[in-house]
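Please open the structure in a viewer and keep the selection panel at hand.

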Amino acid sequence: MIKNISNLGDAAVYCDFGNDVNKEINSKVINYFQSLKDSKFEGITNLTPSYNKLIVSFDLSITNFEKTKKIIENLEIKKNYSISKKKIQIPVCCEEEYALDIKKLEKKLNKPTDEILETFFSKEYFCYMTGFIAGMPFLGDIDKNLHAKRLETPRVKVPKGSIGLTEQFCNIYTFESPGGWNIIGNTPLNVFDSLNEDNPNLINPGDTVSFIKINKEKYKNYNE
Amino acid sequence: MSENFFKVIRAGINTTFQDLGRNNLNHIGIPISGVMDKRNYILANKILKNGTSHPIIEFAYQGPRLVYHGEPLNISVSGDVKFKIFKNKNEIEGKCYETITLEDHDEIDLISTNKSVYGYLAIGADLNIDYQWKSCSINTKANIGSNSGKKIQDNQKIEVSKIKELSRRRLDHINSKIENIRVIKGTNFHYFSKESQVKFFKKEYSVTKLTDRMGMRLEGERLDNIINTNIKSEGLVKGVIQIPADGNPIIMLADHGTIGGYPKIATVISADFDKLSQLIPGSKIKFKEVNLKDAETIFKLYEMETNNIISKIL
C-alpha cells in the first residue's frame with residue numbers, strides 16, 4: 001500500500017503513497033493515520049497526513065527510525081475505517097470587499113466573476129486534510145476551468161474567514177495568516193475553536209463541504 | 001491566604017510561557033511549540049528542582065522587568081543573559097545558573113541576551129496559568145496556550161502558588177556556539193541542480209532578521225531547482241529546510257506550519273536544534289551532511305552531555 005518509506009531527518013518516517021492526488025490514495029493515507037492513531041504506540045509524537053503522504057514523528061529519546069518503520073510495515077489496517085463523513089454548509093459572502101482577488105482571477109481565467117462564482121458554488125468539495133494553520137481544511141477538487149496558480153507574491157496577512165483557490169483545491173483561512181491563495185470571498189462562520197479541545201475543527205478529513213452564497217447584510221448579521 | 005505574584009513592568013520583545021509543548025495535534029494543524037532551547041529550559045528548572053515539564057518564562061533578545069510581591073521564592077535564569085536584581089535600593093548584577101531568592105517588592109530586570117536569542121526565567125513555585133491540550137506553551141499565531149495564546153503583556157500579573165523550599169544551588173556552565181549545522185539530506189534533494197547540491201554544503205549562509213519561533217530564513221547563494229519549485233502540500237517537521245522559488249532556505253522551528261508545499265532539501269538533526277535556535281541575525285553558518293546512524297549517535301551523546309551537566313549542579 002505504501003509505495004516507499006524513508007526517513008525525514010532523524011526523528012520522522014516519511015510514508016509515500018504515490019504521486020497522484022485522488023480520494024482513493026487519500027483514503028489509504030487516512031486508514032494508516034487512523035490505525036496508528038488508535039494503536040497509541042509509545043514514542044510516536046505526531047501523525048501528519050496529507051493528500052498522498054503520511055509523516056510519522058517520534059521521540060528520538062524513546063525510539064528510532066528502524067523501530068518506527070517496522071511498526072508501520074507490520075501495522076494491521078482495518079479496511080474501510082469509519083472516517084468523518086459529515087456534510088457541512090459554509091456561508092460565503094463574495095462582495096467586493098471580501099473577494100480580494102476576484103479581479104485578478106477574471107484575468108487569469110479569462111472569465112467574468114459571475115461565471116467563476118457560479119461554477120464554484122455548484123459543486124461539493126471533499127476534505128483531504130487539515131493543517132498549515134490550525135483547522136485549515138484543504139478541499140477539492142474544484143472545476144478544472146477554475147484552476148489558477150498561487151499569487152506571485154503571497155500576502156503577509158490574509159483576513160480570517162477568507163476562502164482561497166489554487167490549482168485543484170480551495171481552503172478556508174481559519175484565522176489571519178500569511179498566504180498566497182486567490183481569495184474569492186469570506187465566511188462569517190468560525191471554522192476553528194481552540195476552546196473545544198476534543199473537536200476544535202469544524203471540518204475534518206473525509207467531510208464534504210458545500211458553499212452557500214450570502215449577501216453582505218446576512219454576513220454582517222450572521223453572528224448576532 | 002496571602003497572594004504571591006509578579007507584576008510585569010516591561011514585558012520585553014517576545015516573552016511567553018513555554019514547556020515541552022503539545023504532541024499529536026499536527027493532523028489538525030497545531031504544531032508542537034514548546035521551548036526553543038530545550039537544554040537551557042531543563043537546566044533552569046533542574047537548578048530549582050522543578051519537574052521535567054514545569055512551565056517557564058521564555059524571552060527573546062530583551063526580557064521582561066518584573067516586580068515580585070509575596071513570600072520569599074527562588075528563581076533561576078538560564079542562557080547567556082545580562083540581568084539585574086533590585087533589593088530595596090541595592091542593584092545586584094545577576095548570575096545565570098544559580099538560585100536567586102526574591103522577597104516582597106524585589107525586582108528583576110532581564111536586560112538582554114548576549115550574542116544569543118533566547119533566555120529563560122524559571123520560578124520555584126507553581127504558576128497559576130491555563131493549559132490547552134496539556135501544555136501551557138503559547139503559540140501567538142494561533143492564539144493557543146496560556147495567557148489566551150498571547151505574549152506576556154505590560155502591567156499583567158503572574159500569580160504563583162505552592163512556593164518551594166529555598167535551597168541554594170548553582171552550576172558552572174558556558175553555552176557553546178555552533179557554525180556547522182548538521183543535516184540529513186531531504187526527500188527532494190534531487191530537485192536541485194548538481195551544482196546547487198554541492199553549493200548547499202560548501203557555501204556560507206547568513207541568518208536573516210525574518211526569523212522567529214516559526215522559522216529561520218537564511219540568505220546565501222541562490223539554489224537552482226530543476227524539477228518544480230512546488231510540491232503537493234505535505235507534512236512538515238521541526239528542522240526541515242524548505243527552498244521556495246526564490247532559492248533561499250527556510251528552516252522550520254517550534255511553531256512551524258504543519259503542512260507546506262516547498263521542496264525539502266534537508267533536515268537539521270535533533271541534536272543541533274538548541275544551538276540553531278540561539279543563532280542571531282547576521283550569524284554565518286554552513287551545512288554539514290551526516291547520515292541517519294551518525295545523527296542518532298550524536299543525539300545520544302548530546303543527551304548524555306545534558307545529563308552530565310545536570311549532575312554537576314551543586
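**The two domains of chain A**

Begin with chain A, where the centres of domain 1 and domain 2, taken over C-alpha atoms, are separated by 28 Å. To display them, select 4–73 of chain A for domain 1 and 87–221 of chain A for domain 2; such bounds come from an automatic or database domain assignment.

This is a predicted model, in which local features need pLDDT of at least 70 and side-chain atom pairs count only at pLDDT 80 or more, while totals for chains, interfaces and linings use all residues. Residues are numbered from 1 along each chain as its sequence is written, and chains are lettered from A and ligands numbered from 1 in the order in which they are written.

Next, look at the contact between the domains, which takes seven residues from domain 1 of chain A and six residues from domain 2 of chain A. Two residues are in contact if their C-beta atoms, placed from the backbone, lie within 7 Å. On the domain 1 side, select helix H1 (23–39) and E3 of chain A, the elements that give two or more residues to it. H1(A) gives the most to that side, with three residues. Helices (H or I, at least four residues) and strands (E, at least two) are DSSP runs, numbered from the N terminus.

**Where chain A meets chain B**

Now show both chains: 40 residues of chain A are in contact with 33 residues of chain B. On the chain A side, select the strands E1 (4–7), E2 (12–16), E3 (44–49), E4 (53–58) and E6 (124–130), each giving two or more residues. E3(A) gives the most to this side, with five residues.
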